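Q: Please give me a close look at a single part of this structure. Then carry on to other parts, step by step, in short sentences.

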Amino acid sequence: MSAFTGKVIQNASDIDIDHVVPLAWSWSRGARDWSDERRLRFANDPANLLPVEATLNRSKGAKGPDQWLPPKGRCGYVARFARVVRVYDLQPLPHETAWFQSFLDKCRSFSSD
C-alpha cells in the first residue's frame, strides 16, 4: 500500500522506493561530510524508505516537504521526514526548520480537536 495515497499498487513497474529525505537534499545539509559508511546506512535505512507510486516519487525528486507533499498522509510524512533529519543530525536551512515546526504544530492541533 502506498504511503502517499493509501492505494494498493498492483504492478511492480508502478512502484519506486522513495527516500523520504532525498539523498540530494541531504547532501547540502550535512551528508557531504559523512563517511561512506554513514551515507550507505542513511541511503538504506528502512525509516527513510517507502514504496510509493513511481509517478509521485518522480514528481517529488529531491524536494523537501516545504516544496512537495504527498496527496495523503501529509502529517505522518512530515513527521517522518523531520525524525530522519534529526536522527542523522542533518542541518536544514532556517526557513525549512521553521516550516517543519509550523506544519507539525498544525498537525498536532488538528489531531487534538
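A: N57 is buried, with a relative accessible area of 14%. Buried means under 20% relative accessible area, exposed means over 50%, and partly exposed lies in between (1.4 Å probe, protein chains only). This is a predicted model, in which local features need pLDDT of at least 70, side-chain atom pairs count only at pLDDT 80 or more, and totals for chains, interfaces and linings use all residues. Residues are numbered from 1 along each chain as its sequence is written, and side-chain values use heavy atoms, leaving out hydrogens and water.

N57 belongs to helix α3, residues 54-60. Helices (H or I, at least four residues) and strands (E, at least two) are DSSP runs, numbered from the N terminus. What does N57 touch, not counting residues up to four places away in sequence? The list is D16, I17, D18 and V52. Contact means heavy atoms within 4.5 Å.

Next, strand β1. This strand covers residues 15-19, and its side chains alternate. D16 and D18 point to one face and are buried. β1 runs antiparallel to strand β2 (residues 49-53), and five bridges join the two. Two strands pair if DSSP finds at least two bridges between them. Opposite I15 stands E53 in β2.

Now the loop between α1 and α2. A31 sits in this loop, with α1 at 23-27 and α2 at 36-43. A31 counts as buried, at 3% relative accessibility. Leaving aside neighbours within four places in sequence, A31 is in contact with S26, R39 and L90.

R29 is buried, with a relative accessible area of 11%. A polar atom of the R29 side chain lies 2.8 Å from the backbone oxygen of W25. With neighbours within four places in sequence left aside, R29 is in contact with L90, Q91, P92, L93 and E96.

On to helix α4. It has 14 residues and reaches 20 Å from its first C-alpha to its last, close to the 20 Å expected at 1.5 Å a residue. The expected span is 1.5 Å times one less than the number of residues. Which residues of α4 are buried? They are Y77, V78, F81, A82, V84 and V85. Seen down the axis of α4, the buried residues fall within an arc of 160°, so they line one face of the helix. That arc is taken from the directions from the helix axis to the C-beta atoms. R86 and V87 are exposed, on the face turned away from the buried side of α4. Just after α4, D89 takes a positive phi of about 55°.

Last, the disulfide. The structure holds one, formed by C75 and C107 with their sulfur atoms 2.0 Å apart. A disulfide here is a pair of cysteine sulfur atoms within 2.5 Å. C75 lies in helix α4 (residues 74-87) and C107 in helix α5 (residues 94-111), so the pair ties together parts that are 32 residues apart in sequence. The link of C75 and C107 is left-handed, with -90° about the S-S bond. C75 is partly exposed, with a relative accessible area of 33%. C107 counts as buried, at 11% relative accessibility.

Notes: A polar contact is a pair of N or O atoms within 3.5 Å; within protein, one must be able to donate a hydrogen and the other to accept it, and residues adjacent in sequence count only if both atoms are side-chain atoms.
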